[in-house]
Amino acid sequence: MKRFISALLIFAMVFSLCGCASGATEEVITSDVAVTTVPEVTTTVETTTEEVTTTTEVTTEATTTTVETTTEATTTTEATTTTAATTTTAATTTTAATTTTAATTTTAATTTTVATTEAEPEEEKAKAHVDEIIQVDSKSLIKAMGVGWNLGNTLDTTSSNVTYWGNPYTTEEIIDLVYDSGFNTIRIPVSWSYHCDDDYNIDEDFLEMVQEIVDWALENDMYVIINSHHDNDVYNPVNHDQAVEYITKIWTQIAEWFKDYDEHLLFEPMNEPRPEGTDYVWWYDDSSAICRDAMQTIMDCDQAFVNVVRASGGNNATRYLMISTYCSSPDYTLWSSVFEMPEDECGNLILTVHAYTPSNLCSVEDTTTTKFDSSAESEITSLMRKLYKNFVSEGIPVIIGEMGCYYKNNDDQRYE
């Protein structure tokens, strides 16, 4: 999404959508708030509070929509259940000054022994959650993921400098704070193309940085999603062969690096892939050859992603993989006569979409709509019903990877 927006990501398990399956609902407690969710739909949302220097993308878990940093709205049927209370804390509390602790404690008192004593080498820190993968169904997995949060505008900057957009280096203290604030999932957007050579070989130091952050989250028994984020220039669907080559090479390396991690780690191939440089960057028209070709390229990239991850072996043989679609739009996925999920022998795939819903209230361009009213609520309900009818009820679980509500001096309405 646009740089000035920190993404709020909400994961929610959908057990039944309003009006869709009476008696099928069950209550999920998320951040001490009872949330009625819909089967296997989880939402991650993108949000930003511009007042906060270190707000990173926030994930909120909602069966349908979630709201920006101050809101994590979980709405599944016609009522809007708000689980937003935790999002404001985590989004605004990441203070950059968490990097150094006791590094300077050795003083001159040690100088007399230096000549005769060598420091013992540090033991290599064990990777977190490197274990046999536990096979769970998607419903159980998404329920366990709970509410999520995006570490945005950090590893996904369009620069080799991860502080390029003003956020601090990510520290273990920040990840612990996110967990302590009630989030059980973290989505880590990563722009790999700014950390690799012309042949798409990823800098190993950067891979180690990503791994360290993944491990910090997993040490809290959180779930983690890593993706390829602001790499749209490279996997631009207008350039089919380059897009497929990039996805193949990048995910071959990432899959190999993380193949021994257990089911707490999920992969997402692309973020909002779209035909840059055309009239259809943010719009899909099924009658347009450009759109149909772009959708086909995106599906070919998804299939290449599944193929290389599965082929890498280890726990990747059965790991849950998220599947991207045109602009990550649920509507464009539904409107397309072309889109199909990739082939996967083990079938552990989850569709991911984004939902800045209700559109006027959530939009940065619309500065006048500041109230959450019955019309806005209906828009959320309509979205969830579509997701349930077209995907969840057909056995395709859904994660809403981003959702958010832009700040317009209206925190109470964003909370709703």
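Author: Arg 187 and Glu 268 form a salt bridge, with 3.0 Å between their closest N and O atoms. The model is predicted: local features need pLDDT of at least 70, side-chain atom pairs count only at pLDDT 80 or more, and totals for chains, interfaces and linings use all residues. Residues are numbered from 1 along each chain as its sequence is written, and side-chain values use heavy atoms, with hydrogens and water left out.

Reader: Why is the contact between Arg 187 and Glu 268 called a salt bridge?

Author: The term requires a side-chain nitrogen of Lys or Arg within 4 Å of a carboxyl oxygen of Asp or Glu. The closest N and O atoms of Arg 187 and Glu 268 are 3.0 Å apart, so the pair qualifies.

Reader: What parts does the pair of Arg 187 and Glu 268 tie together?

Author: Arg 187 lies in strand 9 (residues 185–188) and Glu 268 in strand 11 (residues 265–268), so the bridge ties together parts 81 residues apart in sequence. Strands (E, at least two residues) and helices (H or I, at least four) are DSSP runs, numbered from the N terminus.

Reader: How do you know whether Arg 187 is buried or exposed?

Author: Buried means under 20% relative accessible area, exposed over 50%, and partly exposed in between (1.4 Å probe, protein chains only). Arg 187 has 0% and is therefore buried. Glu 268 also has a value of 0%, so Glu 268 is buried.

Reader: Where do Asp 331 and Lys 386 lie?

Author: The side chains of Asp 331 and Lys 386 meet in a salt bridge at 3.3 Å, N to O. Asp 331 is in helix 8 (residues 330–335) and Lys 386 in helix 10 (residues 374–390), 55 residues apart. Asp 331 has a relative accessible area of 25%, so Asp 331 is partly exposed. Lys 386, at 32%, is likewise partly exposed.

Reader: How many salt bridges does the structure hold?

Author: The structure holds nine.

Reader: How is Asp 203 classed by its relative accessible area?

Author: Its value is 38%, so Asp 203 is partly exposed. Asp 203 lies in the loop between strand 9 and helix 5 (204–218).
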